[in-house]
Amino acid sequence: MDTPYFLIDEAKLAENAKILRDVALRAGCKILLAQKAYSVWQTYPLLQDSLAGTAASGLFEARLGREEFGKEVHVFSPAYRTEDVAALVKYADHIVFNTPAQAEKFAPMCRAAGVSVGLRVNPECSTQAGHAIYDPCAPFSRLGTTSDNFREDILPLLDGLHFHTLCEQNADALETTVAAFLEKFGKYAKKMRWLNLGGGHHITRADYDRARLARIVKDLRKETGAEIYLEPGEAVVLDAGTLHARVLETMKNGMNIAILDVSAACHMPDVLEMPYRPPLRGSGAAGEKAYTYRLGGPTCLAGDIIGDYSFDAPLRIGDELVFEDMALYTMVKTNTFNGMPLPSICLQKKDGKTVLLRKFRYEDFKERL
Ligand SMILES: Cc1ncc(COP(=O)(O)O)c(C=O)c1O
């Protein structure tokens with residue numbers, strides 16, 4: 001297979017799906033796939049039996065969820081255009097609004113189409129340190145209605161409340177958040193048909209406390225009488241994909257440098273946005289093994305750096321490097337800056353065979369513009 005390419009691991013996807021199905025059964029909740037993290041619709045059949053449906057960030061994801069996944073379609077966006085809501089009601093089961101004014105404006109359209117209406121609230125409870133860009137409870141956040149801005153007069157329009165505050169977190173952070181949510185919005189939650197606890201639950205991670213999650217969900221259901229939804233993205237595809245790259249060139253400038261045929265800026269932008277250093281198969285931390293290299297992409301961006309890694313032997317032109325945990329927030333975020341080709345998307349089947357799902361061409365680059 002020509003690099004660069006993403007390789008999705010069918011067996012791992014199935015394993016994650018099974019964990020999520022078991023958790024949903026144990027907790028008595030519904031779990032959706034947040035398509036913003038992963039939208040490789042060709043693999044949706046592997047998830048369909050285990051999950052209750054999909055969560056979308058707007059019209060295109062909602063349509064993809066309806067057409068390719070089926071089951072339930074839930075949508076949240078910080079603000080909607082009227083024409084988008086008019087189209088969305090054809091695809092969505094739940095539409096969540098960010099402000100009372102948007103809920104008030106669009107509830108009649110939703111009602112007429114039989115779509116359930118929700119409001120995203122902001123419990124103002126930050127449980128994560130370090131990633132302010134991923135903290136919807138940071139000061140001056142535009143994500144969710146705070147208790148000060150809640151309007152009781154729109155309660156008759158609402159079927160549900162939604163919050164999303166977590167990022168790669170364990171059940172202890174959820175427990176803290178649910179307590180803050182109940183303190184601020186508990187009296188409203190009891191009037192709702194459903195509550196959506198957003199994403200950021202790292203449920204499929206080995207150290208995730210699934211028993212605690214089940215208890216939190218059960219208690220919340222008991223206290224409010226509402227149906228509970230979770231909409232993780234990462235947890236569905238955690239460790240379920242790799243990005244395969246090749247060394248194009250090596251050079252020195254105060255240290256060893258290798259230029260790869262993948263780019264942080266184009267193919268794994270979270271490496272720069274978050275930022276983080278992606279795991280690389282067979283490598284060590286800088287200085288840990290004999291030969292340390294700074295790995296970078298072939299774009300013009302000086303900061304297109306994936307990270308510093310060490311190896312047992314010097315890197316050679318043509319060596320293949322495999323970045324791990326690359327199914328989440330990659331293929332949905334790739335771009336063609338500098339005219340960079342997009343990596344192909346492949347599926348490693350359970351029987352070991354590799355299937356090409358998508359190869360990108362010059363026309364894909366040209367037709368975007
Ligand atoms: C509203 C909402 N729901 C779900 C998710 C999925 O989160 P994660 O992929 O961290 O589980 C996000 C992520 O940003 C989100 O904003």
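The domain assignment divides the protein chain into domain 1 (10–237) and domain 2 (241–326 + 334–367), with bounds that come from an automatic or database domain assignment. This is a predicted model, in which local features need pLDDT of at least 70 and side-chain atom pairs count only at pLDDT 80 or more, while totals for chains, interfaces and linings use all residues. Residues are numbered from 1 along each chain as its sequence is written, and side-chain values use heavy atoms, with hydrogens and water left out.

The C-alpha centres of domain 1 and domain 2 are 32 Å apart. Where the domains meet, 12 residues from domain 1 and 11 residues from domain 2 take part in the contact, contact meaning heavy atoms within 4.5 Å. Between them the domains bury about 980 Å², with 59% of this on carbon and sulfur atoms; buried area is the accessible area (1.4 Å probe) that two parts lose on being put together, summed over both. On the domain 1 side, E10, Q42 and Y134 supply 48% of the area buried against domain 2, more than any other three residues. E10 also forms a salt bridge with K349, with the closest N and O atoms 3.4 Å apart. A salt bridge here is a side-chain nitrogen of Lys or Arg within 4 Å of a carboxyl oxygen of Asp or Glu. The count between domain 1 and domain 2 is 1 salt bridge.

The structure as a whole holds 27 salt bridges. In general, side chains of opposite charge can pair when their charged atoms come close. One of the bridges joins R151 and E104, whose closest N and O atoms are 3.0 Å apart. This pair links distant parts of the chain, 47 residues apart: R151 lies in the loop between β6 (116–120) and β7 (160–162), and E104 in helix α4 (residues 100–113). Helices (H or I, at least four residues) and strands (E, at least two) are DSSP runs, numbered from the N terminus. R151 is partly exposed at 27% relative accessible area, and E104 is partly exposed at 38%; on this scale buried means under 20% relative accessible area, exposed over 50%, and partly exposed in between (1.4 Å probe, protein chains only).

A second bridge pairs R246 with E320 at 3.3 Å between the closest N and O atoms. Here strand β10 (residues 241–252), which holds R246, is linked to strand β14, which holds E320, across 74 residues. Elsewhere, E83 and R81 meet in a salt bridge of 3.8 Å, N to O. E83 counts as partly exposed at 47% relative accessibility, whereas R81 counts as exposed at 51%.

Turning to the rings, the structure holds 11 aromatic pairs. Rings of Phe, Tyr and Trp (its six-membered ring) pair if their centres lie within 6.5 Å, with planes under 30 degrees apart counted as stacked, over 60 as edge-to-face and the rest as tilted. Y309 and F323 form an edge-to-face pair, 6.3 Å centre to centre and with 75 degrees between the planes. Y309 lies in strand β13 (residues 305–311) and F323 in strand β14 (residues 320–323), so the pair ties together parts that are 14 residues apart in sequence. Y309 is buried, at 0% relative accessibility, and F323 is likewise buried at 0%. The charged end of R277 sits over the ring of Y309, 4.0 Å from its centre, where sitting over a ring requires NZ of Lys or CZ of Arg within 6 Å of the ring centre and within 35 degrees of the ring normal. F150, F163, F181, F185 and Y188 form one aromatic cluster.
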